[in-house]
Amino acid sequence: MDLSSNHRGAWGSRIGFILAAAGSAIGLGNIWRFPYVTGENGGAAFVLFYFIFVLIIGLPVMISELAIGRHTQKNPVGAFSALANRSWWPLLGILGVATGVGILSYYSVIAGWTLGYFIKAIGGSFTDMNGEQAMQHFTQFVSDPKTSLIYLVVFLGITGMVVMGGVSSGIERWAKILMPVLLFLLIVLTLRSVTLQGAKEGLAFYLKPDFSKISLSMLANALGQALFSLSLGMGTMITYGSYIAKRENLAISAGYVCLFDTLIAIISGLMIFPALFAMGLDPEGGPGLVFVVLPTIFEQMPGGFIFGAGFFLLLTVAALTSTISLLEVPVAYMVDEKKWRRPKAVLLMTLLALILGVPSALSQGAVSWLSNIPLIGLGFLDFANILLGNYSLTTGALFIAIFVGYKWGVKNVIKEVTLENNQFYFANLWSFLIRFFCPIAILAIFMYILITRNYF
Ligand code: PHE
């Protein structure tokens, strides 16, 4: 089928697709989450396992998602219905669509904070601030319901406008502009960070593995981080794959996306840890790391005003290319399956994410029972993050591996990848990983969580 005549839309070029998919993968997951999770899990040893999981679980699952998407040219629900009609498999697609709206809702709250911090940075709010003041500033900022809600609305509005533009003129055009800008800003900030006095200790923490830090829970965190960061387990790559032309090599494209995503994560660590240690701060600062620690770091840097504004702009940009992909999944579902027109689908799905995002936005102190859910003991946003960003994606990845390995069949994926004389290097290794290694490794991690009852 000629994709250009397809009303669903298609990527305009190979690089356009790779940048759009890399844009989905690269986001708060790399720049905000990766450094703080690395900090909490002991540094370089965690980073090593994160890499291993990207390579032996992330890459195989990504190739599978892209093949399912391109073969069926459908959204996740339509794709599983097409390949396994009259079965339970389409539920896996429904789980993906629901997860997409859910992640979009709380992810946009955090993305809204980054936008707010960018505006604050331009306004010079971060001058003369020590660590404690920065913490107070952050707490005050996120616990003001009006501010949180306004930024949530603004950020979701921007996301909706881009997705409204469609596949090649909306998502692809923006990704082509935004991704290179992001890389440039990151490199500038990293150069500043590694040349600070006292940066060496941070580099050692980040790059020299201490193998005594290895534990099962560290492995579970490394896997969750790898899936979240690569946008896997909810059909984002099925949806993005459905717009790829048949002539493209899916395995190589997936390789590039994994490479770029990992590269940005590595650079983000290089940006944060040297500066962190140079300022004598604690790497186990948790999720507030970026918002609390960085403003104080920038404040103590020559030209910190520029770096501060640049950093939060960068984080907002990175988050936007990810929220675009999160919204595209439910929108594609509505357009394909419910025959909605794109504007209607975008409007209603954005609105749904906004409504679902309200509890997350208010959970930072504004509404006390949302800040601490009884029994679970977590705030609503953290709860949503773990439930959707962690469990839902890991479950999705597990069943996608099982689907490809035992239902649709590895041969069909290989056939899809090798269309038009494309090479699938290491196809046998991929088959082994997707049929045996991925399901067993993910199940083992689930078992560990069940046995230790370490759910949250
Ligand atoms: N990968 C994105 C990030 O790292 C988040 C995301 C997860 C996007 C799942 C789409 C699907 O920020």
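**Entry 1: the second largest cavity.** I looked up the lining of the second largest cavity in this predicted model and found 10 residues, with Leu189, Ser193, Met271, Ala275 and Phe298 nearest its centre. The elements contributing two or more residues to this lining are α8 (167-194), α12 (250-278) and α13 (289-299). I noted a volume of about 60 Å³ for the second largest cavity. Its lining consists of 8 nonpolar residues, 1 polar and 1 charged.

**Entry 2: the largest cavity.** My search of the whole structure returned 5 cavities of 30 Å³ or more. For the largest cavity I recorded about 140 Å³. Its lining has 15 residues, and Ser24, Tyr107, Phe228, Ser231 and Leu326 lie nearest the centre. Two or more lining residues come from each of α1, α5 (90-122), α10 and α14; α14 gives the largest share, 3 residues.

Entry 3: The shell around the ligand draws two or more residues from each of α1 (14-25), α2 (28-40), α10 (216-229) and α14 (304-337). I found 15 residues surrounding the ligand, the closest being Ala25, Gly29, Tyr107, Phe228 and Ser231. By class, the shell holds 6 nonpolar, 9 polar and no charged residues.

Entry 4: One of Ala25 is 2.9 Å from a ligand oxygen. One of Ser229 is 3.1 Å from a ligand nitrogen, and one of Ser24 is 3.4 Å from a ligand nitrogen. The protein covers 100% of the 320 Å² of accessible area that the ligand has on its own.

How values were computed
Residues are numbered from 1 along each chain as its sequence is written. This is a predicted model: local features need pLDDT of at least 70, side-chain atom pairs count only at pLDDT 80 or more; totals for chains, interfaces and linings use all residues. Side-chain values use heavy atoms; hydrogens and water are left out. A residue is near a molecule or strand if one of its heavy atoms lies within 4 Å of it. A polar contact is a pair of N or O atoms within 3.5 Å; within protein, one must be able to donate a hydrogen and the other to accept it, and residues adjacent in sequence count only if both atoms are side-chain atoms. Accessible areas come from the Shrake-Rupley method with a 1.4 Å probe; for residues, only the protein chains shown count as cover. Helices (H or I, at least four residues) and strands (E, at least two) are DSSP runs, numbered from the N terminus. Ala, Val, Leu, Ile, Met, Phe, Trp, Tyr, Cys and Pro count as nonpolar, Asp, Glu, Lys and Arg as charged, and the others, Gly among them, as polar. On a 1 Å grid over the protein atoms alone, a cavity is a set of points where a 1.4 Å probe fits but cannot get out, and a pocket is an open set with protein on both sides within 12 Å along at least five of seven lines; lining residues have an atom within 4 Å of a point. Grid points are joined across faces, edges and corners, and a volume is the space filled by probe spheres set on the points.
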